[in-house]
Amino acid sequence: MLLASWRRMRKGPALKLLVVEDKPEVAECLTMVLGDLGHDVVYAHTAKEACGAIDGADFDAAVLDFELGGETSAPVADLLSARAVPFIVASGRHADALPREFAGRRHLQKPYFLAELEEALSTCGQRADVSG
């Protein structure tokens, strides 16, 4: 029943998404929920993995955690920007505390709700902040 509710919430077409998240339990939950919503999800644990995934696929959008355990996702943001792939920044930091690579990008402040993520995905090409 809950899954049916999630599917009804999806706004827009299924997307090919890159999820970059260093915490396996968060990544597993996020990829499962996005997959259940009908999206095709590729998960990367590090910036290097993410950049490799970008080189091998065409993504519609990405969800980037800013802090990836001793590194940031800034190189991933640069590569996505160069390829004109929209992305959402999901971070515990406030949008104003992020570096310039992330300025003006969709932002979800952790913890966030599934509805906020879906809304951000449906409009991730627009520049706005959805801090929660």
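1. Just after α2, glycine 38 takes a positive phi of about 100°. Helices here are DSSP runs of H or I with at least four residues, strands are E runs of at least two, and both are numbered from the N terminus. Bear in mind that this is a predicted model, with local features needing pLDDT of at least 70, side-chain atom pairs counting only at pLDDT 80 or more, and totals for chains, interfaces and linings using all residues. Residues are numbered from 1 along each chain as its sequence is written, and side-chain values use heavy atoms, leaving out hydrogens and water.

2. Now the helix itself. Ala27, Leu30, Val33 and Leu34 of α2 are buried (under 20% relative accessible area with a 1.4 Å probe, protein chains only; exposed is over 50%, partly exposed in between). They sit on the same side of α2 because they cover an arc of only 140° around the axis, taken from the directions from the helix axis to the C-beta atoms. Glu25 and Glu28 are exposed, on the face turned away from that buried side.

3. On to β4, residues 87–91: five of its five residues are buried. Phe87, Val89 and Ser91 are on one side, with Ile88 and Ala90 on the other.

4. As for neighbours, β4 pairs in parallel with β3 (residues 61–65) over four bridges; pairing takes at least two DSSP bridges between the strands. Valine 63 stands opposite isoleucine 88. Four bridges also join β4 to the parallel strand β5 (residues 106–109), where arginine 106 is the bridge partner of isoleucine 88.
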